[in-house]
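Please examine the sequence and the three-dimensional structure shown below.

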Amino acid sequence: MCGIVGYIGPNQAAPFLIEGLTKLEYRGYDSAGIAVFDGKEINVEKSVGRLGILKKKIETASPNGHVGIGHTRWATHGRPSDVNSHPHTDCTGKFVVVHNGIIENYLHLKEKLIARGHVFSSETDTEVVAHLVEEYYEGDFEAAVRKVLAEIEGSYALVFMTEHDPDKIICTKQDNPLVIGLGNGENFIASDIPAIINRTRKTYILSDGEMAIVTKDSVWVMNRQGVPVTKKVFEVNWDAEAAEKGGYEHFMIKEIYEQPKAIRETMSGRLAKDNSTILFDELKWTQGEVAAINKIAIVACGTAYHAGIVGKYYLENLARIPVEVDLASEFRYRSPLIDDKTMVIVISQSGETLDTLAGLKEAKRLGAKTLAITNVVGSSIAREADNVIYTWAGPEIAVASTKAYTTQLVTLCMLAIYMAGLRETLPPARIQELIGGLRNLPAQAHEILEDVEPIKTFAQQYGFNEDVFFIGRALDYCVALEGSLKLKEISYIHAEAYAAGELKHGTLALIIEGVPVIALATQPDVYEKMLSNIKEVKARDAVVIGIAMKGDDHIHNYVDHTIHIPAAHKYLAPLLAVIPLQLLAYYAAITRGCDVDKPRNLAKSVTVE
Ligand code: M6R
């Protein structure tokens with residue numbers, strides 16, 4: 001995830017900028033840069049790759065100056081490269097900006113600015129912000145920034161500097177964190193507390209829509225209309241390790257809590273304002289090309305494979321194309337029937353999983369059209385595929401995938417709606433209903449995360465059982481697979497997922513008194529059948545925890561405990577139903593004293609066969 005730092009004060013800015021960026025390295029990045037005002041002009045140094053490369057660059061000619069901003073970039077728009085690295089400048093080089101987040105309407109703004117004569121050097125969404133401030137500047141830096149904020153849409157933490165007004169840094173945020181560290185005759189800016197914790201523990205935490213004018217002696221915080229806001233000083237008492245995790249105990253729980261934001265970012269700029277269609281600027285498919293596809297093959301591993309199974313439901317039901325889903329490690333050894341009418345979709349958070357990459361290469365060898373859904377810009381899989389959709393979830397550090405899964409589901413759902421639009425397989429009203437449902441997801445995910453106490457209690461109650469079963473039908477079965485993988489990989493509890501209708505064909509023999517069974521019952525079309533399956537396990541004295549939608553006042557008659565998720569469209573229920581299962585796995589692992597972020601025998605990125 002991108003990192004931001006800023007400094008204004010009596011000391012040299014560059015050493016702090018580098019120190020702060022180093023503290024943010026754990027978040028993952030692919031390039032870094034700083035901009036320092038030397039008393040006459042702003043000098044920008046930036047470079048793709050590790051911070052060490054940037055450090056080397058400035059070793060010989062360290063930029064002199066007492067005001068500066070810096071950034072580590074985790075690519076979203078435009079591959080990792082020197083020019084795409086931040087800070088970005090306008091045409092004159094007198095305005096610089098660093099940015100975390102996504103400017104949704106950047107393409108439209110870029111066209112307008114190009115028509116006005118602006119010359120762009122990068123592929124990023126951020127560069128439009130630097131040109132916009134140049135466009136609006138009429139002698140008042142603050143007024144120009146305000147005008148920029150009125151134009152841009154999306155999520156951002158933005159920090160601005162200009163040669164015209166070098167004694168101040170202006171910063172603002174919307175849906176991305178930004179803190180100001182309060183020093184003595186100096187002030188610091190950072191996207192995250194670890195960057196400033198060595199310099200000060202007194203901070204202002206900016207809220208959405210606030211803008212701060214930071215000088216060496218003062219910090220003025222106001223809303224976008226310029227009305228002053230009184231801020232309370234937040235005294236940081238976390239140690240450095242806790243600060244890296246944003247105050248959470250583990251990266252996994254931090255990433256579970258990041259899901260509302262990650263889902264929002266995945267959809268950012270991709271939903272038409274009137275909900276009529278999906279906008280995938282990265283796909284230039286024509287109706288004819290899509291009509292020519294007669295089969296889709298989804299290839300992935302682990303959690304990404306589980307997302308692929310949900311994707312099959314979406315693509316078959318919405319876009320009406322036959323879909324097969326393969327584990328990547330199996331795909332290339334089974335002589336798959338693939339040709340130039342097949343679209344092979346590979347899904348991979350890291351974009352580096354060797355089996356998935358090999359599957360992709362095999363698909364290309366067989367002449368298929370290929371599409372990668374991945375989280376890492378410029379990864380091997382992204383480079384190899386004909387087309388790429390990025391999930392924009394931000395880096396996932398915990399070995400157990402959480403936000404990668406939910407953002408993969410959002411992407412697959414958008415893809416199915418997009419293809420349905422091109423294939424004319426869905427009436428406009430259904431497209432609108434689904435896109436409307438997608439828009440509700442961030443708030444609904446947030447609602448689940450607001451009340452985790454009952455889930456914690458179940459985890460403590462059943463965390464020492466050696467076997468747990470997950471059952472469901474249709475899309476609930478797909479979520480059951482992911483819930484069971486999560487539980488086994490971090491808590492080491494033996495967990496099995498079964499299609500509920502399949503139990504009586506063998507597995508029912510394992511259901512005995514006291515065995516916990518997590519029963520998902522969110523799918524209206526198979527709800528009654530699911531209740532019958534719940535009765536089957538209850539008759540064997542299993543302890544059943546039901547996952548159902550709010551408004552289902554029936555389920556508690558059949559189960560021992562119920563976890564309700566917000567009512568959602570049946571296709572979107574998996575995105576919500578998985579969250580209690582992630583939490584259950586997390587708290588079970590805590591109860592058992594497991595190393596949550598680094599489970600035994602597992603690695604985050606599997607680059608061996
Ligand atoms: O990076 P990828 O999405 O290709 O990784 C695939 C699997 O290794 C990964 O999803 C794994 O199953 C997770 N640790 C599960 O939480």
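## Ligand site and domains

A polar side-chain atom of Glu489 is placed 2.3 Å from an oxygen atom of the ligand. The model is a predicted one, in which local features need pLDDT of at least 70, side-chain atom pairs count only at pLDDT 80 or more, and totals for chains, interfaces and linings use all residues. Residues are numbered from 1 along each chain as its sequence is written, and side-chain values use heavy atoms, with hydrogens and water left out.

| Protein atom | Ligand atom | Distance |
|---|---|---|
| Glu489, polar side-chain atom | oxygen | 2.3 Å |
| Ser350, polar side-chain atom | oxygen | 2.6 Å |
| Val399, backbone N or O atom | nitrogen | 2.9 Å |

On its own, the ligand has 410 Å² of accessible area, and the protein covers 91% of this; accessible areas come from the Shrake-Rupley method with a 1.4 Å probe. Helix H10 (302–319) and helix H17 (475–491) are the elements that give two or more residues to the shell around the ligand. Helices are DSSP runs (H or I, at least four residues), as are strands (E, at least two), and they are numbered from the N terminus.

There are 14 residues around the ligand, and those that come nearest are Ser348, Gln349, Ser350, Thr353 and Glu489. A residue is near a molecule if one of its heavy atoms lies within 4 Å of it. By type, the shell holds 5 nonpolar, 7 polar and 2 charged residues. The ligand lies between domain 2 (254–448) and domain 3 (451–591), because both give residues to the shell around it.

An automatic or database assignment sets the domain bounds, and the chain also has domain 1 (3–244). The C-alpha centres of domain 1 and domain 2 lie 32 Å apart. Their contact (heavy atoms within 4.5 Å) takes 19 residues from domain 1 and 17 residues from domain 2.

Two backbone features remain. His86 and Pro87 are joined by a cis peptide bond, with omega about 0°. Pro87 belongs to the loop between strand S4 (67–73) and strand S5 (88–89). Arg320, in the loop between H10 and strand S16 (323–327), has a positive phi near 55°. Most residues other than glycine have a negative phi, and most peptide bonds are trans.

Key
Polar contact = N/O pair within 3.5 Å; in protein donor to acceptor, adjacent residues only side chain to side chain. Nonpolar A, V, L, I, M, F, W, Y, C, P; charged D, E, K, R; others polar.
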